[in-house]
Amino acid sequence: MSILESKIPAGPLAEKWNNHKSAIKVVSPANKRKLEIIVVGTGLGGASAAASLAELGYNVKAFCYQDSPRRAHSIAAQGGINAAKNYQNDNDSVFRLFYDTIKGGDYRAREANVYRLAEVSPNIIDQCVAQGVPFGREYGGLLDNRSFGGVLVSRTFYARGQTGQQLLIGAYQALNRQISKGNVEMFNRHEMLDVVKIDGKARGIIARDMVSGEIKRFGAHAVVVATGGYGNVFFLSTNAMGSNGSAAWQCYKQGALMSNPCFVQIHPTCIPVHGDQQSKLTLMSESLRNDGRVWVPKKKEDAVKLQKGEIRANDIPDEDRDFYLERRYPSYGNLVPRDVASRAAKERCDEGFGVNGEGKAVFLDFKYSIERLGKDVIEARYGNLFQMYEKITDVDPYKEPMMIYPAIHYSMGGTWVDYNLMTTVPGLYSIGEANFSDHGANRLGASALMQGLADGYFILPYTIGDYLADEIMTPKIDVKAPEFDAAERAVSGRIEKLFNIKGSKPVDYFHKKLGQTMWDNVGMARNAEGLKKAITDIKEIRAEFWKDVRIPGELNNLNPELEKAGRVADFLDIGELMARDALDRNESCGGHFREESATEEGEAKRNDEKFTYVSCWEYKGEGEEPTLHKEDLVFENVKLTQRSYK
Amino acid sequence: MADKILKKLKIKVWRQNNAKSKGKFETYTIENISTGSSFLEMMDILNNQLIEEGIDPIAFDHDCREGICGTCSLYINGRPHGPDTEVTTCQLHMRKFKDGETITIEPWRARAFPVIKDLVVDRTAFEKILQAGGFVSVNTGGVPDANTIPINRDDAEESMDAAACIGCGACVAACKNSSAMLFVSAKVSHLAKLPQGKVEAKSRAKNMVSKMDELGFGGCTNTQACEAECPKSISITNIARLNREYLVARISE
């Protein structure tokens, strides 16, 4: 397939990145000063990329919808960041991190990209320490590590339960330094609404100033999209309220392919839904599974009593507790990967063993580690998480076990990129969670932060030069060009169309309806019938949305409902593509579980013969069916095996 | 514990269409709110009710709803982030309120934080303070191995205590002088406690303080309201550290 040139370098795995770096072009400092780059999104990927590109001498314009880059949702990552430092002397290595990530992703990621990720991971920790990230330390003054799911070594660096916050602050500081030097022009409270192409190349964006409502044009020699994932298609997720898939979706509509959209991660340890007034779900870090034991009652009558509120967890003796992860997966126990832990929780709850009023929760119990280590140790490790849990639920997790249930958390799928992180649109890049490249069908814990920073600090700043070296003769992009006129007209037209519907229902009504359909049919367990139903349902919700949504307020003012409406309009389209992709992939792998493809024990069953590919969807116009392209995955360094954590 | 239903609440809220218009309080009634709902979920429900009644919904800032992004910024019943300790507005839950209560909601009030709309304020001043020096001057790449410099664990922990600041602005809203000293001192301490940040500690303190003064924040008169209302319990000992760094910087000029 000609449009899918992955540009994976030849040669042995361990030498690919070095060879590639030597082979790609470099832009001279004098020419960098003449080139402009737009970075959309300022989470770990966007902020680190914007800062690093500006340090190199490029002129950077960075955009975020929040009132400050520091508020991007990377900030909410709790547990940690992986790196193959082998500081613990437990036989960790670049190869082991690569292997764990490929296996954890259920063999649906590119070997070369994943190896590179593992290879640059140690540099990230060095960089963050130099910036003043206050990682957790041992008494001797050296960095501490913790363990995470799906691996047998201890390679996760952390800053209490606020690792994402501290890493983002590090990148934000670097970004602020470049803003103060005038190398980055920062646009807060701006939302990208389209990417503009001239002669087939990405040359800028259209953005809405969210305070004044003004539609603005911005030109650049290259555009980098770092806008995270689309988990909010489910309405309830651990994503921030504003997290959205719209920037990536505009790239798709402009010709960038969308890959593996059905691969979303369902995180096993979230605070369960409390009723019908819930607006979002809160994650409890995976690191808690280091010291917490997951269980439900062995006897159904105990579960029923718990559901009715007649007894509490502590009334059930140890011998009547089913530590089902330890029972089913003795070698990894409570530290199985996220997809496995989520499905196991669903299985117990579906069988009637759920422990809250809705029967949709399991226990995560710290009693045993508090007995073993003392309350002080547990408090030092997880104090802020315990406090957060108590504030939300009014239950003290030092005394009673937490209740947890899986929730939508992360998008492994995303915009297709080549080895240079460039999409199928020349000059348009996608980094971090927004692209599809590194996590296959399931992401390991503490690897999202690693990928965001790897892309932004150490990969994109090199690879973008290969493209821009041929752009040094291109003058400053003229935003008066007819392509910008047309893009601005289209954006304004869509906003006015939405605004003028003046229907009867608020945006949330449609978003919740979409979310319910997605959770029921494109959630933890999927089958052909449900997926077809989802596609039909979404078409109906979309039709109703465009007929009956009500957007109050003014166009030329701060208008959160208008912002939400644009995002939900795109979520409707993204949801449909996810269902389509899930329908095509009639195998179970990672977070994607097709009921038609399971072992007798109910474990996920891959079908390598038919599905060892990346699905790449091409937009064909409104109302048209997209075209599926396939990038075949070639494994030269690992043997594909059925994943086992037993 | 089991959730109850608050049958009726009165919400008295600041309405202001834009930075230039004059604001005023409006009172709305809302019914059947679960005590297990968060304060912002109550606001969502109220807004959807207003939309259906044809009233412009209330604009308020919020994003992560996990207490970490620092976006939410409501002044509830006379307190930044409302009547609970060590929480942001998004983590405040309705169990802290009584049935039939009137809840008053205002934006952060400070000269340096002008209102954009309703409860949304412009905190760009915080950005400018950090841009004046709240960083370590290192570029990407070319840095030593992370374990080259051992750091005393207590220093790292103290640094982390200060680095926990989420930049919400509650300290400014709580202060009768609208001082940003707790915010500035948190950044100065976070970096000064680490060898990597120590190198520029003096100039950092000086530049950030002078930017803070320039932007219209008031002076610190040690009332400690900031610490009491900080959702992350940032300690005012950081202000003492900032004063020390600042003094040393000025003396050594």
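## Asking what the terms mean in a two-chain model

Me: Why is B:Asn243 called partly exposed?

Reply: B:Asn243 has 16 other C-beta atoms within 10 Å. A residue is buried with 20 or more other C-beta atoms within 10 Å of its own, exposed with 12 or fewer, and partly exposed in between, the C-beta atoms being placed from the backbone. The count of 16 lies between those limits, so B:Asn243 is partly exposed. Before we go on, please note that this is a predicted model, where local features need pLDDT of at least 70, side-chain atom pairs count only at pLDDT 80 or more, and totals for chains, interfaces and linings use all residues. Residues are numbered from 1 along each chain as its sequence is written, while chains are lettered from A and ligands numbered from 1 in the order in which they are written.

Me: Where is B:Asn243 in chain B?

Reply: B:Asn243 belongs to helix α9 (residues 237–251) of chain B. Helices here are DSSP runs of H or I with at least four residues, strands are runs of E with at least two, and both are numbered from the N terminus. The C-alpha atom of B:Asn243 is 8.4 Å from that of B:Ser185, although the two are 58 residues apart along the chain.

Me: What makes up chain B as a whole?

Reply: Chain B has 9 helices and 7 strands. Its C-alpha trace spans about 60 × 45 × 35 Å along its principal axes, and 55% of its 253 residues are buried.

Me: How do you know that α5(B) and α7(B) are roughly antiparallel?

Reply: Their axes come within 10 Å and cross at roughly 170 degrees. The axes are lines fitted to C-alpha atoms, for helices over the stretch in contact, and angles run from 0 to 180 degrees between N-to-C directions. Angles under 35 degrees count as roughly parallel, over 145 as roughly antiparallel, 65 to 115 as roughly perpendicular and the rest as oblique. The crossing angle is over 145, so α5(B) and α7(B) are roughly antiparallel.

Me: Which residues make the contact between α5(B) and α7(B)?

Reply: From α5(B) they include B:Val184, B:Leu191 and B:Ala192, and from α7(B) they include B:Arg204, B:Met208 and B:Met212. Two residues are in contact if their C-beta atoms, placed from the backbone, lie within 7 Å. By class, this contact has 9 nonpolar, no polar and 2 charged residues. Ala, Val, Leu, Ile, Met, Phe, Trp, Tyr, Cys and Pro count as nonpolar, Asp, Glu, Lys and Arg as charged, and the others, Gly among them, as polar.

Me: What are the domains of chain B, and how many residues of domain 1 are in contact with domain 2?

Reply: Chain B has domain 1 (5–106) and domain 2 (124–251), with bounds from an automatic or database domain assignment. Their centres are 30 Å apart, taken over C-alpha atoms. Even so, 12 residues of domain 1 are in contact with 10 residues of domain 2.

Me: What makes up the contact between the domains of chain A?

Reply: Chain A is divided into domain 1 (267–408) and domain 2 (482–607). The contact takes 6 residues from domain 1 and 5 residues from domain 2. Helix α10 (residues 338–350) of chain A gives the most to the domain 1 side, with 5 residues. That side divides into 1 nonpolar, 1 polar and 4 charged residues.

Me: How many residues of chain B are in contact with chain A?

Reply: There are 68 from chain B, in contact with 65 residues of chain A. The largest share of the chain B side, 7 residues, comes from α1(B).
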